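Colleague: I would like to learn how to read a model of this kind, one feature at a time. Could we begin with the general idea in each case and then turn to the example?

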Amino acid sequence: MSTGRLFAAWTAGMLLLLAALGARAQQPPQPAQLEVRENLAPHPAPEQPLSFSHKTHIAQGLKCQTCHTNPDPGNQMTFPATSTCMTCHVTVAKDRPAIVKLAEFAKSNQPIPWVRVYQVTAGVTWTHRTHLQAGMQCIMCHGDVPQLDAMAQNTSVTAMGSCISCHQAHNAPTVCATCHAWPSN
């Protein structure tokens, strides 16, 4: 094959590759999917100090990070400050019993004593921040929260097998020291 034909074939191949990559880049991103198994055994929602529906709030256009921030060092997402809730509820549904109780917390400058649904297992060093920076989305670990009226432990996100499977799927480290701090000698 002549140098000219070889160059033309190489150029045509590169143009096809670029066209394919361009077409792929123009496709809308795929929605996040659950990355961990659902819990096999039912885990009822814990009793909370106020009734709260993620389904209702997300349907209003709120994003997870609007209410759940990730302050340093990034280990846990926070519960919303009472003042955050009152931004809307000073006028929205203010006569409902749960909102009246919310307003009492706000008036007394008390945080709402929410019950944490998921607990990081003792001996595990883990942060939300690292996972958020890696592009993980809440739904990938916590399930279809936008459809929940009461938050419950619907997934096995705190199980070691789920962590390892997800790390393997995303080419993240799976050595023990990734999640477990070893005592120094």
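Modeller: Helices (H or I, at least four residues) and strands (E, at least two) are DSSP runs, numbered from the N terminus. In this protein chain the elements run α-α-α-α-α-α-α-α from the N terminus on, with eight helices and zero strands. The model is predicted, so local features need pLDDT of at least 70 and side-chain atom pairs count only at pLDDT 80 or more, while totals for chains, interfaces and linings use all residues. Residues are numbered from 1 along each chain as its sequence is written, and side-chain values use heavy atoms, with hydrogens and water left out.

Colleague: How many salt bridges does the count come to?

Modeller: A salt bridge is a side-chain nitrogen of Lys or Arg within 4 Å of a carboxyl oxygen of Asp or Glu. By this rule the count is one salt bridge: arginine 129 pairs with aspartate 72, and their closest N and O atoms are 2.5 Å apart. Because arginine 129 lies in helix H6 (residues 128-133) and aspartate 72 in the loop between helix H3 (64-67) and helix H4 (82-89), the pair ties together parts that are 57 residues apart in sequence.

Colleague: At what angle do the axes of H4 and H5 cross?

Modeller: Two packed helices are described by the angle between their axes and the distance between the axes. Axes are lines fitted to C-alpha atoms, for helices over the stretch in contact, and angles run from 0 to 180 degrees between N-to-C directions. The axes of H4 and helix H5 (residues 97-107) come within 10 Å and cross at roughly 130 degrees. The contact is made by Thr82, Cys85, Met86 and His89 of H4 together with Ile99, Leu102, Ala103, Phe105 and Ala106 of H5.

Definitions and conventions: Contact means heavy atoms within 4.5 Å.
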